[in-house]
Amino acid sequence: MRALWPPQRWLRRLPIRWRLTLIFAGVMTVLLAGLIAFLHQHLRSDLDYNINQSLRARAQDVAGIVRQDDEAGGRNLRQLPTSPSNAVQVLDRSGQVLGASGSTSQAPLLHPSELASAARQPALIQRGDSLRLYALPLPTHGKVVVAAVSLAERDEALDRLDAALLIGVPPALLIATIAAYWLAAAALRPVEQMRLRASTISTEHLETRLPLGESDDEITRLGHTLNRMLNRLEAGMAHERMFIANASHELRMPLAVLKAELEVALRERGGAAPLRDAIGSAIEETDRITRLAEDLLLLARAEDGTLPIAPEALPAEALVAELGAKLEPAVMRAGRTLELDPGAVDATVRVDPDRLQQAITNLVDNSLRYGSGAITLSLTAVADAIEIHVSDQGPGFSEEFLPHAFDRFSRADASRPRGGVGLGLAIVRTIARAHGGEVGARNLPTGGADVWLRLPAVAAPSPSPSPLEPLAT
C-alpha cells in the first residue's frame, strides 16, 4: 500500500467535520491568494497601460511644438509646457538638452547608448523600479523628444490595494471557514442520529429502524438502504427462529414416540411379538429422525455453497424414463398409478442423477401425501431449458400456501395429520438451484397440483410453448 503523506495521516485521525473544514479552509486560502495576486497584477497592468499612453501623448504634444518651432525659423525651446504627471526633454543627436519642462534637470534623461537607439525608432525605457521613459525620434529635425514619469504613484496605488485586501480577506476567510464547519456539522447531524439509533439495535430489538430526514439526499437514501437491510435481517432472524422451532418440534415428536416405544418394550412381558413390534416402531422413528437430520444437513450445505453434486451429461428423455421406472413401485404400493409422459424432447442436461432422483422422489412423495388420483411424470422443453413436471388430480395448493410452497417447514396442512416435516419441496428447490435451475408450482385448471423442476439444457431443445413460469421464491 502506498505510504501516506504525514499531513494526510494526521488528517485521518480528525473527525470528518474537521477534515472537511480544514480542506475547505486550505482550498479557500489558495483561491483567495490567487485572487489577490490576480487583482494586484490586473491593476498594475492597467496602471502601466495608462502611464504608457500618457507618456506617448505627452511626447506627441511636445513633438508638435518642436515641428512648429522649426517651421517658424527656430525659437528658444528651453521652457516647454509643464505637466503635473510627467516631465519632458528635447535632445539633439549629441545628447544636448535643447528644451525641458518645468524644473526638469538639465542633465539628459537618456544615456548615450539609449539615445543612439531612440534616434532610430520610438522606445519605451524602464529605469529601475521608479522611472519610466518614452523616447520619440524626430529624424527630419534631428531631435529626440523624451517624456519621463515617476512610478511612485503607481506603487502607492498598488500598496493601497494590497493593504485593503490583506485587511479584508482574512476575516472573510474566517467567516467562510466557520460557515463551512457549521454546514459540515449540519450535514453530518443525520449520520450521528443514525449512529446513536444503530447503537440500540440488537438481535432482541431488530424492529428498531434508523431515523430518516425529509430531503431526498444521499444520507437519506443511505438510511433507506440500511433500513431495508434491517428488514431483511429481521425477516431472516424470524425465519431462523421459526426454523429452529419447527426443527425442535419435528425432532421432539419422533424422540417422544421412540422413548415411549422403548419404555413399552422394557415393561412388556408378553413375549417376543410385542417386543418385535416395539423395536420395529422404534426403528421407524429412528429412520424418520435420520431423514430429518440428512435433510437439514443438505440445506445447511446448500447455504454454505458446499452442496456436493457430480453432474453428468445425460439425455433428458431417457433420464425421465429411468426415474419413472424407479418410482413406479413405490407409487403402486400406495395404491396409486404413475403415468409417464417423456414427450419428444431431444435435449441433453448436465445433472447429478442421484440428486435429481432425490428431488423427483420428493415431488412424487408430496403428491402421494397430499394429492389423489394418478400421478403424471412428464418432460417438456422451454427455450434453452427442460422442465420435469409432477402433477396429480388432488385438491391442489391453497392460494395462501402456494407462494410459500418451497419454504422450509411449510406445510399445506397445519395440523400435520399425514406426516412429513415440510422440507421436501425446499430440498427440491435447493437441488434445482445447485444445478443452475429453478422450481415452480401451480394449480391445474382441471384440478390437482403441478410442480416442476426447470434445468438448463446443454444441447438446446426444440422450444415448445409453455405458459408456466417459475414460482417467485
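First, the ground rules. The model is predicted, so local features need pLDDT of at least 70, side-chain atom pairs count only at pLDDT 80 or more, and totals for chains, interfaces and linings use all residues. Residues are numbered from 1 along each chain as its sequence is written, and side-chain values use heavy atoms, with hydrogens and water left out.

Now the overview. The protein has 9 helices and 13 strands. Helices here are DSSP runs of H or I with at least four residues, strands are runs of E with at least two, and both are numbered from the N terminus. Of the 473 residues, 36% are buried. Buried means under 20% relative accessible area, with a 1.4 Å probe and protein chains only; exposed is over 50%, and partly exposed lies in between. Contact means heavy atoms within 4.5 Å. Take the contacts between residues at least 6 apart in sequence: 60% of them join residues at least 24 apart.

On to helix packing. Two packed helices are described by the angle between their axes and the distance between the axes. Axes are lines fitted to C-alpha atoms, for helices over the stretch in contact, and angles run from 0 to 180 degrees between N-to-C directions.

Start with helix 8, residues 353-370, and helix 9, residues 424-434. Their axes come within 9 Å and cross at roughly 150°. That makes helix 8 roughly antiparallel to helix 9. The cut-offs are: under 35 degrees roughly parallel, over 145 roughly antiparallel, 65 to 115 roughly perpendicular, and the rest oblique. The crossing is left-handed. In a left-handed crossing the near helix is turned anticlockwise from the far one by less than a right angle; clockwise is right-handed.

Who touches whom? From helix 8, Arg355, Gln358, Ala359, Asn362, Leu363 and Asn366 meet Gly424, Leu425, Ile427, Val428 and Ile431 of helix 9. By class, this contact has 6 nonpolar, 4 polar and 1 charged residues. Nonpolar covers Ala, Val, Leu, Ile, Met, Phe, Trp, Tyr, Cys and Pro; charged covers Asp, Glu, Lys and Arg; the others, Gly among them, are polar.

Stay with helix 9. How many of its 11 residues are buried? The count is 8, so helix 9 is mostly covered. Among the buried residues are Leu425, Ile427 and Arg429. Gly436 follows helix 9, with a positive phi near 80°.

Helix 8 has another partner. Helix 7, residues 316-333, has an axis that comes within 11 Å of helix 8 and crosses at roughly 45°. The two are therefore oblique to each other. Here the crossing is right-handed. Leu319, Leu323, Lys326, Leu327 and Val331 in helix 7 meet Leu356, Gln357, Ile360, Thr361, Val364 and Leu368 in helix 8. That contact divides into 8 nonpolar, 2 polar and 1 charged residues.

Next, a hairpin. Strand 2, residues 87-92, runs antiparallel to strand 3, with 3 bridges joining them. Pairing takes at least two DSSP bridges. The hairpin has 4 residues between the strands, and Gly95 in the turn has a positive phi of about 100°. Leu91 stands opposite Val97. Strand 3, residues 97-101, is mostly covered, with 4 of its 5 residues buried.

Last, Ala449. This residue lies in strand 13, residues 449-459. Is Ala449 buried or exposed? Its relative accessibility is 7%, so Ala449 counts as buried. Beyond neighbours within four places in sequence, the contacts of Ala449 include Val390, Phe397 and Leu444. Gly371 is 78 residues away along the chain, yet the two C-alpha atoms are separated by 7.7 Å.
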